Amino acid sequence: MILSCQNISKAFNEQPVLCNVSFHIEDYDKAAIVGINGAGKTTLLRIIVGEQSADEGIVTLAKGKTMGYLAQNQDVDSNNTIYDELLSIKSDVIAMEQKIREMEHSMKQLSGNELEQLMDAYTRLTHSFELANGYAYKSEITGVLKGLGFEEDEFGKKISTLSGGQKTRVALGRLLLLKPELIILDEPTNHLDLNSITWLENYLLNYKGAVLIVSHDRYFLDRIAGKVIEIDQTKATTFIGNYSDYAVKKEQLRTATLNAYFKQQQEIRHQKAVIEKLKSFNREKSIKRAESREKMLNKIEVLDKPTDARTDIHMTLTPRCTSGNDVLHVEGLSKSFDNQLLFSDLMIDIKRGEHVAIIGDNGTGKTTILKIINGLLAADSGTVTLGTNVHIGYYDQEHHVLHMEKTLFEEISDAYPYLSNTEIRSTLAAFLFTGDDVYKRIGDLSGGERGRMSLAKLMLSESNFLILDEPTNHLDITSKEILEDALNAYEGTVLYVSHDRYFINRTASRILDLTNGMLIGYLGNYDYYLEKKDELSVVYQKPDAFSPSKENTPSDTKLDWQAQKELQAKTRKRENDLKKCEDTIAALEQQLSEIEETMALPEVATDVAKLQELTHNQDEIKSRLAKLYDQWETLAN
């Protein structure tokens, strides 16, 4: 065991956040802490690493073990470049390397016993150097930086010039290179693109130590976690398995607990009714029996009612009117910034009812596409055409749809003046803004609160075409699930950018991958994209010199898109044919079995005419099966 937390309790302003929280982490565990926003997850991590003190309880790190912590936001204060900052972690290895070079130089000038002693020391030092990965430490640093999304031409950038997200990635790289026996990460995927998240998953899965993660990225938790520690109503419960296992077990446990609660409440009501009845008889014996039952009732340990599942945000999206079948047509779209080409000659067609996700690396232009479609940014070339009766509802991750100087109440009442005060307060309450919260200035809200406020405006907009930029950022898992259900029930059209793979899996009917300045389409969700991306990416090889010229970029992706649709249609047809073939084989094999059972019956065995008929049927079925087996083999390959 590397870490033990025993009966950890913490309160702020006499309001309990954690009560008697206990769990342990084994040497090679990959564990996750989950819970709604405000449940106390980050507080628990800070107590574990010693940044905050617990009111009660003990945190024990195994003797001689090291621990590293990555907070959500890192303000790395350094004059180093990105590469030199990570290189500083290898100072011991660099010192060994320097000593080895000095020894090698000295060997040329020594002989006899002195040389022999130096050779022994040299052997020991080179062995330690090898164990510290000294021969590959520069490659290791480069691999970590590239894995976290830094290009080689960025390695020389000063830390002081980086954004907050880039500094957090540098801090994560430092931590991974330090290789403590226990890594503690608070929302490590927040500033990573999909490729970097996948790289981090593989790194942590193969990490020869323990990992403790707080994250709202359910896909990430499904891949990494083997243990889930849930913080709910100040208490901690440990579940073995990944996030999906936890979700199933949690619902089973909640159902069982809720049933026990209702059963106990029913028994309490019954006992109270009996007591009242006994007292109504107004006889000494009856009154004594009533008092005896009251004493027993008072000794019962009353169960708490479990928290209602997903009660934090209430969201329903309803289009004001139905759009035409053609919702969006984008043709020849190109955009550059400071002579840096993002994309060229893009084509997008979206039909009514589609849920389309745009994915791709950071900085490829995903948000730019949404802004151009929404009229917030001008394209260098190309056209954007909206269909008949299309009304856009826009959610941007910077929340420009909000007015920082207004209060929450003013933001809603000014945008929707026909709403009554009660309706405005009800809407805000549905997104967890109650009481005097409605008079807060939007400029004073946290990122998560602004996200909820933007969703509240989106819900009221009654639009039939939603354009969403990273809608799940800053939402906890429960709120994400509510948004997913709202989108899946939504009868309009959705186009969004997201790096939340679980969210994409649940809500997307089509994926557009922005890569090498062009869009590659996939007719399915994220799992389908993973299955097919290598197969399709062969068609879209990165050009040797990326430029907007016709030689280096496709002038029209429509034919490629059409070819892909035909390929996927053929694949689906083959899968359907295979399923039909398997079903027919199963039915015929069942018939054959029934014939054999019939032929074994005593009354049939002596009936020559019946046996001949059954034998004939048997031969026909075997002949059909032989052909079907061949057909199945062809379809299955």
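Asparagine 339 is exposed, with a relative accessible area of 83% (exposed means over 50% relative accessible area, buried under 20% and partly exposed in between, with a 1.4 Å probe and protein chains only). The residue lies in the loop between strand 10 (326–337) and strand 11 (340–351), where helices (H or I, at least four residues) and strands (E, at least two) are DSSP runs numbered from the N terminus. Although asparagine 339 is not a glycine, its phi is positive, at about 65°. Most residues other than glycine have a negative phi.

The model is predicted, so local features need pLDDT of at least 70 and side-chain atom pairs count only at pLDDT 80 or more, while totals for chains, interfaces and linings use all residues. Residues are numbered from 1 along each chain as its sequence is written, and side-chain values use heavy atoms, with hydrogens and water left out.

An open sheet is formed by 3 strands in the order 2-1-4, with antiparallel pairing; two strands pair if DSSP finds at least two bridges between them. The edges are held by strand 2 (15–25) and strand 4 (56–61); each has a single partner strand, so one side of each is left without a neighbour in the sheet. On average, neighbouring strands of this sheet are turned by 20° against each other, direction ignored. Strand 1 (residues 3–12) runs antiparallel to strand 2 and is joined to strand 2 by 7 bridges. Cysteine 5 has phenylalanine 23 in strand 2 as its bridge partner. Strand 1 also holds asparagine 7, a residue other than glycine with a positive phi of about 50°. Asparagine 7 counts as partly exposed because its relative accessibility is 43%. Helix 1 (residues 41–49) lies across strand 1, strand 2 and strand 4, and runs at about 120° to strand 1. Axes here are lines fitted to C-alpha atoms, for helices over the stretch in contact, and angles run from 0 to 180 degrees between N-to-C directions.

Strand 8 (residues 227–232) has 5 of its 6 residues buried, so it is largely enclosed by the rest of the structure. Strand 9 (residues 235–240) runs antiparallel to strand 8, with 6 bridges between them, and isoleucine 231 has alanine 236 in strand 9 as its bridge partner. The hairpin of strand 8 and strand 9 has 2 residues between the strands, and glutamine 233 there takes a positive phi near 55°.

The axes of helix 9 (residues 243–280) and helix 10 (residues 284–299) come within 8 Å and cross at roughly 160°. Helix 9 is therefore roughly antiparallel to helix 10 (angles over 145 degrees count as roughly antiparallel, under 35 as roughly parallel, 65 to 115 as roughly perpendicular and the rest as oblique). Residues in the contact (heavy atoms within 4.5 Å) include Ile268, Val274 and Leu278 of helix 9 and Ile287, Arg293 and Leu297 of helix 10.

Threonine 598 is found in helix 18 (residues 558–599) and counts as partly exposed, at 26% relative accessibility. Not counting residues up to four places away in sequence, threonine 598 touches Val604 and Leu614. Threonine 598 and glutamate 291 are 307 residues apart in sequence and 72 Å apart in space, C-alpha to C-alpha.
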